[in-house]
Amino acid sequence: MTARDPGLQPERTALAWNRTALALAANAILIVRHGIQADDTAALLGGMVLGGLAGALTLVGGLRRRQLTGDLAWAPAPRLVLLAALAVGLAVLGGGWVMMRTV
Amino acid sequence: MAWYDEGHEPDYRFSLANERTFLAWMRTALALLAGGVLLHQFATRIQPPWLLAVLSAALVFSAGALAVGGYLQWRANQAAMRNDRGLPRTPLIATLATMVAVLSAATALVLLVQ
């Protein structure tokens, strides 16, 4: 796996993680915005946590690319995938929270 | 033995394709989530208010369903590849198409009767 992948799979995978991080960051901004407007500290903090998670997902993408080009030892993907799913789940909870607070 | 230790390691390209597919489901969920929150925050003049709440909640709920379903689908695909089975069915596809169609139609109706 240390040979260069002509299909650019590691790069494409890293980009997919980046795109997901961007989508998560957009939602984090929406939640932080609500926190600022409605003086909702929980939303503010939660949104910042989500922003941090979005940054973490970007780092995961870089980590995956280095793993896949053989620079790092192989680490199990299942935990990373679970992390991403949990981050999105947290964002969903945050979105629901924002909506319930403004009803 | 954990599911990810059973069987053999698949061709890494298939694992990565599965991983990218999972991430695409997550992005779809996040797009629906943003839509729900935006609708709720900015479409404040839609009458009656309960209808707006229902639409927004339906979008957010769909996002949650996709997040869970996307992870489960990824795991099922990975286990199938590890054990040389065919890929499992993807009920997510029909579910997502139905959800988007229904939500779009409902939103169009709501906007038309304003």
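Q: How many salt bridges does the rule count over all chains?
A: The structure is a predicted model. A salt bridge here requires a Lys or Arg side-chain nitrogen within 4 Å of a carboxyl oxygen of Asp or Glu. Over all chains, the count under this rule is 3 salt bridges.

Q: Why does the pair B:Glu19 and A:Arg64 join two chains?
A: B:Glu19 forms a salt bridge with A:Arg64, and the closest N and O atoms are 2.5 Å apart. The pair joins two chains because B:Glu19 belongs to helix H1 of chain B, whereas A:Arg64 belongs to helix H2 of chain A. Across the interface of chain A and chain B, the rule finds 1 salt bridge.

Q: How many residue pairs are in polar contact across the interface of chain A and chain B?
A: The contact between the chains involves 35 residues of chain A and 31 residues of chain B. A polar contact requires N or O atoms within 3.5 Å. With both residues at pLDDT 80 or more, the rule finds 9 residue pairs across this interface.

Q: Which helices of chain A each supply at least two residues of the side that touches chain B?
A: By class, the side of chain A that touches chain B has 21 nonpolar, 8 polar and 6 charged residues. The helices that each supply at least two residues of this side are H1 (9-37), H2 (41-68) and H3 (77-101).

Q: What area do chain A and chain B bury between them?
A: The size of an interface is often expressed as the accessible area lost when the parts come together. For chain A and chain B, 72% of the buried area is on carbon and sulfur atoms, and the area itself is about 3,000 Å².

Q: Which helix gives the largest share of the lining of the largest pocket?
A: The largest pocket has a volume of about 210 Å³. Its lining comprises 11 residues, with A:Thr102, B:His40, B:Gln41, B:Thr44 and B:Leu52 nearest the centre. H1 of chain A, helix H1 (12-42) of chain B and helix H2 (49-82) of chain B each supply at least two lining residues. The largest share, 3 residues, comes from H2(B).

Q: What is the phi of A:Asp39?
A: Most residues other than glycine have a negative phi. A:Asp39 sits in the loop between H1 and H2 of chain A. Although A:Asp39 is not a glycine, its phi is positive, at about 55°.

Terms used. Residues are numbered from 1 along each chain as its sequence is written. Chains are lettered from A and ligands numbered from 1 in the order in which they are written. This is a predicted model: local features need pLDDT of at least 70, side-chain atom pairs count only at pLDDT 80 or more; totals for chains, interfaces and linings use all residues. Side-chain values use heavy atoms; hydrogens and water are left out. Contact means heavy atoms within 4.5 Å. Buried area is the accessible area (1.4 Å probe) that two parts lose on being put together, summed over both. A polar contact is a pair of N or O atoms within 3.5 Å; within protein, one must be able to donate a hydrogen and the other to accept it, and residues adjacent in sequence count only if both atoms are side-chain atoms. Helices (H or I, at least four residues) and strands (E, at least two) are DSSP runs, numbered from the N terminus. Ala, Val, Leu, Ile, Met, Phe, Trp, Tyr, Cys and Pro count as nonpolar, Asp, Glu, Lys and Arg as charged, and the others, Gly among them, as polar. On a 1 Å grid over the protein atoms alone, a cavity is a set of points where a 1.4 Å probe fits but cannot get out, and a pocket is an open set with protein on both sides within 12 Å along at least five of seven lines; lining residues have an atom within 4 Å of a point. Grid points are joined across faces, edges and corners, and a volume is the space filled by probe spheres set on the points.
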